[in-house]
Amino acid sequence: MKRLVTLVLAMVVGAGFAMAQEKAVDGPVITFEESSKDFGDITQGDKVENVFKFENTGNAPLIISNVAATCGCTVPSWPKEPIAPGKKGEIKVSFNSAGKMGKQNSVVRIYSNASEPIEKVSMISNVLPKSSR
């Protein structure tokens, strides 16, 4: 009897796990290769950019409705067409350090129909003053 209870319990837990796994990937899922880029020290006035690559690891088309930066010094561009399951895309972000000093963390929010509707990527730098030669 104990063996039967253990077997039934294992089946119920296994079925619950399988259902949880299915729920976890139901719909689009945006998966980034990297969610931040650290440029280290840059000089005031430098412009840096990074391409954040991602894949739709879900089972429905991914639609990015908006990508917003925390500051006008950071400009994102993103795909406007749906990204099919298993396909890849890129979000290009540029940061202009003019008028900035010290540690900078430019955060970009990605709004989509993914299972996690708001994702974030960031570009980090330490802006040093221009050398006066």
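Predicted model: local features only at pLDDT ≥ 70, side-chain atom pairs only at ≥ 80, totals over all residues.

Me: How many disulfides does a search of the whole structure find?

Reply: The search finds one disulfide, counted as a pair of cysteine sulfur atoms within 2.5 Å. Cys-71 and Cys-73 are the two partners, with an S to S distance of 2.3 Å.

Me: Is Cys-73 buried or exposed?

Reply: Cys-73 counts as buried because its relative accessibility is 13%. Cys-71, at 26%, counts as partly exposed.

Me: Turning to the core, which residues touch the most other members?

Reply: In the largest nonpolar core, which has 21 residues, they are Ile-30, Phe-32, Phe-54, Ile-64, Ile-91 and Ile-110. Such a core is a set of buried Ala, Val, Leu, Ile, Met, Phe, Trp, Tyr and Cys residues joined through side-chain atoms within 4.5 Å. Elements giving two or more residues to this core include β1 (30–32), β3 (47–56) and β6 (88–96); strands here are DSSP runs of E with at least two residues, numbered from the N terminus.

Me: And what is Ile-30 in contact with, leaving aside neighbours within four places in sequence?

Reply: Ile-30 is in contact (heavy atoms within 4.5 Å) with Phe-54, Glu-55, Leu-62, Ile-64, Ile-110, Ala-114 and Glu-119.

Me: What is the strand order in the open sheet of four strands?

Reply: The order is β2-β8-β7-β4, with mixed pairing, where two strands pair if DSSP finds at least two bridges between them. β2 (36–43) and β4 each have a single partner strand, so one side of each is left without a neighbour in the sheet.

Me: In which sense do β7 and β8 pair?

Reply: They pair in the antiparallel sense, over ten bridges.

Me: Where is Leu-128 placed?

Reply: Leu-128 lies in strand β8 and counts as partly exposed because its relative accessibility is 34%. Beyond four places in sequence, the contacts of Leu-128 are Asp-41, Ile-42, Thr-43, Gln-44 and Met-101.

Terms used: Residues numbered from 1 in each chain as written. Heavy atoms only, no water. Buried < 20%, exposed > 50% of the residue type's maximum accessible area, 1.4 Å probe, protein only.
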